[in-house]
Each structure stands twice: as structure tokens, then as C-alpha cells.
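User: I would like to learn how to read a structure such as this one. Please go through it feature by feature.

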Amino acid sequence: MTKKIAVFAGDGIGPEVMDEALRVLLRVNDKYSLGMEIEKGLVGGCAYDQHGTPLPESSLKLAKSADAVMLGAVGGLKWDTLDYSLRPERALLGLRGELDLYANLRPAKVHPALADASTLKREVVDGVDIMVVRELVGGMYFGKPKGVEKLPDGTERGFNTEVYTTPEIERIAKVAFEVARKRGKKLCSVDKANVLESSGLWRRVVIEVAKAYPDVALSHMYVDNCAMQLIRWPNQFDVIVTNNMFGDILSDEASMLTGSIGMLPSASLSGKKGMYEPIHGSAPDIAGQGKANPIATILSVAMMLDYTFDASSAAKEIENAVTKALDGGYRTADIYSDGMKKVSTKEMGDVILKAIA
Ligand code: IPM
Ligand code: MG
């Protein structure tokens with residue numbers, strides 16, 4: 001049976017990092033006879049330029065018909081003045097919403113060879129292995145009402161709505177407990193239940209769901225405290241589950257523990273179907289210069305093989321190849337330090353490919 005993968009490289013450094021990820025994907029596809037087929041499409045600013053919309057109907061159709069979606073990055077200065085409904089970022093939210101990709105898994109794992117690349121001390125980040133489970137299709141980013149309205153006195157009023165229902169919280173909590181069960185069996189639910197009603201409900205529902213997972217130790221933390229604890233003592237965390245907005249912010253913060261946001265992959269899931277992308281953005285400032293780190297996108301391929309296609313040996317081989325490249329001293333600019341071998345995007349791809357026998 002062939003497996004169809006929709007590929008959207010997007011904007012900025014998206015196409016460069018995707019090129020390397022696809023080379024890796026094609027290599028393991030051959031090696032493990034995975035039967036994958038790739039179909040490319042446009043989303044983001046590049047789609048807006050050609051079709052006047054960041055998420056053309058044809059791209060959405062392609063994404064819906066595929067078993068999995070690979071995405072590079074979207075956005076750039078050029079499109080920042082467009083109405084929100086036309087911005088490249090809307091394509092991401094549109095894909096997430098349309099495919100109901102409610103569970104976003106963002107692992108932040110410190111590679112031993114890179115512990116000194118973090119801005120935090122080695123003794124703080126050594127051994128860090130955190131999975132942030134972010135709710136991805138609810139909360140403030142999708143809540144209604146939203147908008148900006150003119151007031152009689154000539155000023156304006158902008159508003160968004162933080163909203164969660166019981167079933168929405170239940171399903172993301174279940175994913176988080178399942179993930180925790182397969183890891184260190186510790187789950188920290190992050191909210192702002194001391195101030196927000198929606199967070200109060202979040203906490204109550206998570207406690208209810210926990211009854212089916214007596215083997216997982218559940219704790220709760222306010223988001224402000226969590227932001228502080230992540231850099232004070234990150235090793236206390238195993239799995240974090242939180243809402244859309246807090247997850248957006250905390251996952252960027254967690255990424256810096258690993259040395260660079262260029263290292264972190266992600267999976268956005270609805271059951272087996274998933275969209276896989278690096279957590280970094282399109283980095284227009286370095287686009288087209290061969291400086292981008294392709295590792296986050298390459299590791300996203302590994303996540304895809306693992307979560308959508310149950311091809312865990314192929315996934316493991318990619319992860320090992322990345323480790324080998326880092327242990328060999330190869331570094332893109334974002335993770336470079338004295339004495340290491342500085343490589344371009346493509347050279348990093350070459351080194352990783354070579355490690356996949
Ligand atoms: C992310 C990004 C997106 C988000 C943006 C680009 C819409 O920051 O995936 O974390 O806010 O979810
Ligand atoms: Mg973000």
C-alpha cells in the first residue's frame with residue numbers, strides 16, 4: 001500500500017530545510033521499502049503570491065487526502081501588512097483546524113554534545129528530556145468572538161476569546177497521559193487557574209481524566225511559575241500538557257534548553273494522521289544563504305515515521321544519524337562553537353545521509 005505524504009516547503013528557509021529532510025526521507029523510504037509517495041503543494045506566503053490566498057483549496061485537498069503532511073515554515077516580512085485572514089500564518093492555523101490536529105507534540109531533548117550550546121549552564125540542562133503537549137485547535141487562537149471594533153470616542157477595542165469545552169480538554173489530556181505512560185510517567189498540567197475560568201475548568205477535567213491513569217503522577221503548575229521553573233530546574237519535567245497559547249510560548253522557551261530552536265521537531269496529530277514540522281519559523285533574515293539548521297525538519301521526518309507509519313526502526317535510524325553528525329562535531333551556524341566543524345544546510349544533510357548506511 002502506498003503512503004501519501006503532502007509536502008509544503010513554504011517560505012523563507014522552509015524550502016532549504018525541506019530539501020534536506022526529503023533527501024533523508026527518500027533514503028529511508030528505499031532502505032526500508034516504506035512505499036511512500038510525495039506530492040508537493042503551496043501554502044503560506046508563496047501560495048498567497050500565486051493564488052491570492054495562503055491556503056488554496058487545492059493544497060487543503062492535498063493535505064486532506066494524504067496520510068501525513070510535512071511542512072517547512074511559513075511567513076515573512078513581505079506579507080506582514082496583509083489582513084490577518086490572508087497572512088501566511090493563517091495557512092498553518094487553517095491546516096490545523098481543518099484537519100482537526102488537536103494534539104501538538106513538541107519534544108525538547110538536550111543532546112549531550114550540545115549541552116554547551118545552550119545559553120543556560122550545562123549542569124542545568126544536562127539530561128533534559130521534556131515533551132510539551134500543546135492543545136492546537138482551541139483556546140485563544142481559534143476562540144470567538146474576536147476582532148477589532150471602533151468605539152464612539154474614535155478609539156478601538158481589540159479582543160480574542162480564550163475558550164475550552166470539556167471534550168476538548170478531555171481529548172488532549174488523554175493524549176498527554178498516554179504519552180507520559182510511555183515515558184517517565186510524570187505529567188504536569190499547566191494553566192492559570194488562579195485567574196482564568198477556562199483554566200479552572202481545564203484543571204478540573206484533567207483531574208477527572210487522571211483517574212484512568214493511576215500509574216502516571218499528575219501535578220499542576222501555573223504558567224508563570226512554569227516559565228520560571230523551565231529555566232530554573234528543567235529536569236523536574238517529563239511531560240507538560242497545556243493550552244494552545246501557553247504551549248506556544250512554553251515550547252519556544254523549552255527549545256532554548258537544547259541550544260537552538262533549529263533542533264526541535266514537532267508532530268500535530270489527530271489519531272494517526274499528522275502534520276510534521278520544525279517548531280522554528282521561516283527566518284527570512286537567513287533565507288537562501290545555506291545557514292539554516294535542517295535538523296528540526298529531519299527529526300520531524302523521524303516523528304512522522306514513528307507516529308503515523310509505525311516505522312520505528314527507520315525513525316530510530318534517522319535519530320541515530322543526527323546524533324552521529326553532532327557527535328562528529330558538525331554544526332550549522334546556530335549551534336556552532338569554537339573547535340567544531342561549521343557546515344551549511346546542505347552539508348549537514350550530506351553528513352546525516354552518510355550516517356544512514
Ligand atoms: C508555532 C508558531 C505558530 C503558532 C504561528 C506561526 C502561527 O508560532 O507553531 O508555534 O503560533 O502556533
Ligand atoms: Mg510558536
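User: How much area is buried between domain 1 and domain 2, and what percentage of it do carbon and sulfur atoms give?

Analyst: Keep in mind that this is a predicted model. Buried area is the accessible area that two parts lose on being put together, summed over both. Here about 1,800 Å² is buried between domain 1 and domain 2, and carbon and sulfur atoms give 61% of that area. On the side of domain 1, Tyr102, Arg106 and Ala108 supply 38% of what this domain buries against domain 2, more than any other three residues.

User: Which residues belong to each domain?

Analyst: Domain 1 is made of two stretches, 1-109 and 267-357, while domain 2 covers 119-258. Taken over C-alpha atoms, the centres of the two domains are 24 Å apart. Domain 1 brings 17 residues to the contact, and domain 2 brings 22.

User: How many salt bridges and polar contacts cross the interface of domain 1 and domain 2?

Analyst: Side chains of opposite charge can pair when their charged atoms come close. The rule finds 1 salt bridge across this interface. As for polar contacts, 6 residue pairs across the interface meet the rule.

User: Which elements give two or more residues to the side of domain 1 that touches domain 2?

Analyst: They are α4 (88-98) and β4 (103-109). The largest share, 7 residues, comes from β4. Sorted by class, this side of domain 1 has 9 nonpolar, 3 polar and 5 charged residues.

User: What is the N to O distance in the salt bridge of Arg171 and Asp100?

Analyst: The distance is 2.9 Å, between the side chains of Arg171 and Asp100. For the backbone, look at Asp100 again: its phi is positive, about 55°, although Asp100 is not a glycine. Asp100 sits in the loop between α4 and β4.

User: Where do the two partners lie in the pair Arg23 and Asp350?

Analyst: A search of the whole structure finds 22 salt bridges. One of them joins the side chains of Arg23 and Asp350, at 2.7 Å from N to O. This pair links distant parts of the chain: Arg23 is in helix α1 (residues 14-31), Asp350 is in helix α12 (residues 345-355), and 327 residues separate them.

User: Which residues are around ligand 1?

Analyst: The residues around ligand 1 are Glu89, Leu92, Arg96, Arg106, Arg134, Tyr141 and Asp248. A polar side-chain atom of Arg96 is 2.7 Å from an oxygen atom of the ligand. For Arg106, the distance from a polar side-chain atom to an oxygen atom of ligand 1 is 2.8 Å. In the side chain of Arg134, an N or O atom is 2.8 Å from an oxygen atom of ligand 1.

User: Is the peptide bond from Lys144 to Pro145 cis or trans?

Analyst: The angle to read is omega. For the bond from Lys144 to Pro145, omega is near 5°, and the bond is cis. Pro145 is found in the loop between β5 (129-135) and β6 (147-150).

User: Leaving aside neighbours within four places in sequence, what is Cys46 in contact with?

Analyst: The contacts of Cys46 on that basis are Gly10, Asp11 and Trp79. Cys46 itself is in helix α2 (residues 45-51).

Key:
Residues are numbered from 1 along each chain as its sequence is written. Chains are lettered from A and ligands numbered from 1 in the order in which they are written. This is a predicted model: local features need pLDDT of at least 70, side-chain atom pairs count only at pLDDT 80 or more; totals for chains, interfaces and linings use all residues. Side-chain values use heavy atoms; hydrogens and water are left out. Domain bounds come from an automatic or database domain assignment. Contact means heavy atoms within 4.5 Å. Buried area is the accessible area (1.4 Å probe) that two parts lose on being put together, summed over both. A salt bridge is a side-chain nitrogen of Lys or Arg within 4 Å of a carboxyl oxygen of Asp or Glu. A polar contact is a pair of N or O atoms within 3.5 Å; within protein, one must be able to donate a hydrogen and the other to accept it, and residues adjacent in sequence count only if both atoms are side-chain atoms. Helices (H or I, at least four residues) and strands (E, at least two) are DSSP runs, numbered from the N terminus. Ala, Val, Leu, Ile, Met, Phe, Trp, Tyr, Cys and Pro count as nonpolar, Asp, Glu, Lys and Arg as charged, and the others, Gly among them, as polar. A residue is near a molecule or strand if one of its heavy atoms lies within 4 Å of it.
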